[in-house]
Amino acid sequence: MGLQGLCRLMSRFNSYKRTNIILQHLKMSNHTDAAAEVLLERKGCAGVITLNRPRFLNTLTLGMIRQIYAQLKKWEQDPKTFLIIIKGAGEKAFCAGGDIRALSEARNTNQKMLQDLFREEYILNNAIDSCQKPYIALIHGITMGGGVGVSVHGQFRVATEKSVFAMPETAIGLFPDVGGGYFLPRLQGKLGYFLALTGFRLKGRDVYTAGIATHFVDFEKLGMLEEDLLALKSPSKENIADVLETYHAKSKTDQDKPFILEEHMDKINSWFSANTVEQIVDNLQQDGSSFALEQLKVIKKMSPTSLKITLRQLMEGSSKTLPEVLIMEYRLSQACMKGHDFHEGVRADTKTTR
């Protein structure tokens, strides 16, 4: 082989080597994206947050909270970002809450993590509430605990027929935090008190009827809704609201179905107007109806400490601002982390769900 042939061979080899390196980088990049707990992307006129832990029902970690907060603040200042959309990967959950098992395991090993997670999560909740850009949460599937915190404080919340809302914290020795003390007592009548103390689950259109969601859209249209929002050109808040309202108006799913608690609301308002948990229990016992006794059975399974904390939290929160409520809840969270009920509740919950 002559010198020229050798040079050509070396050139082809180097080109092949470069191509291989580029492909390896692309594979690594794709793997990193797939493994990322949260995806933060600019699409069209919007910033899109995707909670990306579908195997774990998109439960929140401290790392996710930090990434979302930092990006939210950047998009808020970006003149090319007109709205922010948050959604969950997969079809089962928007976000089933915080990673409570990791929290409990940190009790003896990383007290600072317990402090940081609650503090930074509540700071994020407040940032969502005060966000200067329209914030749209697509709360399809399970939306509980921390998932409520990153959705309910936003300007728009879109439920589907597969949405499941609950604040089940009294069952694990905690309380409905992430601003629960602010938004729950502001629901119709004593509905928020009922939901907080019993952990009752609302599903589908009931999530909208209760006031948790601002709009209801059929699940099969959710992708089209997102595409239409992303395609808007320099939209105003009114333009965004118009698109959401158009999809909401077109949905006929369960439109004529009564609210699941409608027939019980008068009694709920009466039972849960009491100022003590003991009086609520007495009210349920004295009523004696099957629905009352069913709720009594549920409440008796909850942490007694959590029930008392929760009732007081909602009563206090009903007249406080969201920042004031979040400060109160942070102090409560740290007290609960030092107690016994939360860690025992998590242990029992993970044992029964394995």
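Biologist: Is leucine 311 buried or exposed?

Modeller: Keep in mind that this is a predicted model. Buried means under 20% relative accessible area. Leucine 311 has a relative accessible area of 3%, so it is buried.

Biologist: Where does leucine 311 lie, and what does it touch?

Modeller: Leucine 311 sits in helix α14, residues 304-317. Setting aside residues up to four places away in sequence, leucine 311 touches Tyr193, Leu197, Ala274, Asn275, Thr276, Val277 and Ile280. Take asparagine 275 as one case. Leucine 311 and asparagine 275 are 36 residues apart in sequence, yet their C-alpha atoms are 7.8 Å apart in space.

Biologist: How do I read the packing of α7 and α14?

Modeller: Two packed helices are described by the angle between their axes and the distance between the axes. Here, the axes of α7 (residues 191-198) and α14 come within 10 Å and cross at roughly 155 degrees. Angles over 145 degrees count as roughly antiparallel. α7 and α14 are therefore roughly antiparallel to each other. Their crossing is right-handed.

Biologist: Which residues of α7 and α14 meet?

Modeller: From α7 come Gly192, Tyr193, Ala196 and Leu197. From α14 come Leu307, Thr310, Leu311, Leu314 and Met315. By class, this contact of α7 with α14 has seven nonpolar residues, two polar and no charged ones.

Biologist: What about phi?

Modeller: Most residues other than glycine have a negative phi. Leucine 57 is not a glycine, but has a positive phi of about 55 degrees. Asparagine 58 also has a positive phi, near 60 degrees.

Biologist: Where are leucine 57 and asparagine 58 placed?

Modeller: Leucine 57 is in the loop between β2 (46-51) and α2 (62-77). Asparagine 58 lies in the loop between β2 and α2.

Biologist: How accessible are leucine 57 and asparagine 58?

Modeller: Leucine 57 has 28% relative accessibility, so it counts as partly exposed. Asparagine 58 has a relative accessible area of 0%, so it is buried.

Biologist: Now histidine 215. Is histidine 215 buried or exposed?

Modeller: Histidine 215 is buried, because its relative accessible area is 6%. The residue is found in strand β10, residues 215-216.

Biologist: Which side chain makes a polar contact with the side chain of histidine 215?

Modeller: The side chain of threonine 214 does, at 2.8 Å.

Biologist: And which residues is histidine 215 in contact with, leaving aside neighbours within four places in sequence?

Modeller: Histidine 215 is in contact with Phe156, Arg157, Val158, Ala159, Tyr208, Leu244, Glu245 and His248, with those neighbours left aside.

Methods. Residues are numbered from 1 along each chain as its sequence is written. This is a predicted model: local features need pLDDT of at least 70, side-chain atom pairs count only at pLDDT 80 or more; totals for chains, interfaces and linings use all residues. Side-chain values use heavy atoms; hydrogens and water are left out. Helices (H or I, at least four residues) and strands (E, at least two) are DSSP runs, numbered from the N terminus. Buried means under 20% relative accessible area, exposed over 50%, partly exposed in between (1.4 Å probe, protein chains only). Contact means heavy atoms within 4.5 Å. A polar contact is a pair of N or O atoms within 3.5 Å; within protein, one must be able to donate a hydrogen and the other to accept it, and residues adjacent in sequence count only if both atoms are side-chain atoms. Axes are lines fitted to C-alpha atoms, for helices over the stretch in contact, and angles run from 0 to 180 degrees between N-to-C directions. Angles under 35 degrees count as roughly parallel, over 145 as roughly antiparallel, 65 to 115 as roughly perpendicular and the rest as oblique. A crossing is left-handed if the near helix is turned anticlockwise from the far one by less than a right angle, and right-handed if clockwise. Ala, Val, Leu, Ile, Met, Phe, Trp, Tyr, Cys and Pro count as nonpolar, Asp, Glu, Lys and Arg as charged, and the others, Gly among them, as polar.
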